[in-house]
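Biologist: I've got a model open and I'd like to learn how to read it. Could you walk me through it, feature by feature?

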Amino acid sequence: TTFPVEIVVAPINLSNHKMFTLFIKDITEYEKSQEILRQSENHTRQIKERIETILNSNNDAIIVMGVDFTFEQANPAFRRLFSYETDDVYGETLIKLVEPEFQRNIEESMDLLVESLMPQRLEIVARRKDGMKFEADVVMSPINNASNNSFSGIICSIRDITEWKEM
């Protein structure tokens, strides 16, 4: 029977005689665990690539916010819709993009989302970097920690509905 081993050789000097000690360890279980780890990492990488493809090809502005409601990530459609670079809004809240008369609506919806862990939808008037206003449909959904189903952030989708509202 063959199996993978790890061999460690150590020299020993005994009365002018050179000898060696060999330590041989069966690493079958270690090799199996390494293969499982490689497969898991590959699977995780594939999932990440799929999610990034979905985010990056979506026409709606998508924002990922942390538990403190601050921006952590945004897709290219966000940059096209609002004319902000992700770095311009990193650490800011959604309030930065909303006309003052709708800010309380956003705050209440985020509070309700955290309390209920249920998605929230509302219509607001949003504001681009250049100050131009537009009507927007906002959908906020909780991001739950899979291990204990606790709240770990918000994913927010924003769509310009100005033309739709004018029909």
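This is a predicted model: local features need pLDDT of at least 70, side-chain atom pairs count only at pLDDT 80 or more; totals for chains, interfaces and linings use all residues.

Biologist: How many bridges join β1 to β2?

Modeller: Two strands pair if DSSP finds at least two bridges between them. Here 10 bridges join β1 to β2, and the two run antiparallel. Helices (H or I, at least four residues) and strands (E, at least two) are DSSP runs, numbered from the N terminus. β1 and β2 form a hairpin with 2 residues between them.

Biologist: Is S15 buried or exposed?

Modeller: Buried means under 20% relative accessible area, exposed over 50%, and partly exposed in between, with a 1.4 Å probe and protein chains only. S15 has 65% relative accessibility, so it counts as exposed. β2 is hardly covered too: of its 10 residues, the count of buried ones is 0.

Biologist: Where is S83 found?

Modeller: S83 is in the loop between α2 (76–82) and α3 (86–89). Phi of S83 is near 65°, again a positive value in a residue other than glycine. At 44% relative accessibility, S83 counts as partly exposed.

Biologist: Now the sheet. What is the order of its 5 strands?

Modeller: The order is β4-β3-β7-β6-β5, an open sheet with antiparallel pairing. β4 (71–74) and β5 (120–127) stand at the edges with a single partner strand each, so one side of each has no neighbour in the sheet. From one strand to the next, the twist averages 30°. Axes are lines fitted to C-alpha atoms, for helices over the stretch in contact, and angles run from 0 to 180 degrees between N-to-C directions.

Biologist: And which strand is joined to β5 by 8 bridges?

Modeller: That's β6 (residues 133–145), which runs antiparallel to β5. E123 stands opposite D137 in β6. Helix α4 (residues 100–116) packs on the sheet and touches β5, β6 and β7 (150–160); its direction makes about 150° with that of β5. Contact means heavy atoms within 4.5 Å.

Biologist: Which residues is L97 in contact with, leaving aside its neighbours within four places in sequence?

Modeller: L97 touches I63, F71, F78, F82, Y84, A126 and R127. L97 lies in the loop between α3 and α4, and it is buried, with a relative accessible area of 1%. L97 and V125 are 28 residues apart in sequence and 8.8 Å apart in space, C-alpha to C-alpha.

Biologist: Last one: what joins the side chains of D60 and S157?

Modeller: A polar contact is a pair of N or O atoms within 3.5 Å; within protein, one must be able to donate a hydrogen and the other to accept it, and residues adjacent in sequence count only if both atoms are side-chain atoms. Between the side chains of D60 and S157 there is one of 3.4 Å. D60 lies in the loop between α1 (28–57) and β3 (61–65), and D60 is buried, at 12% relative accessible area.

Definitions and conventions:
Residues are numbered from 1 along each chain as its sequence is written. Side-chain values use heavy atoms; hydrogens and water are left out.
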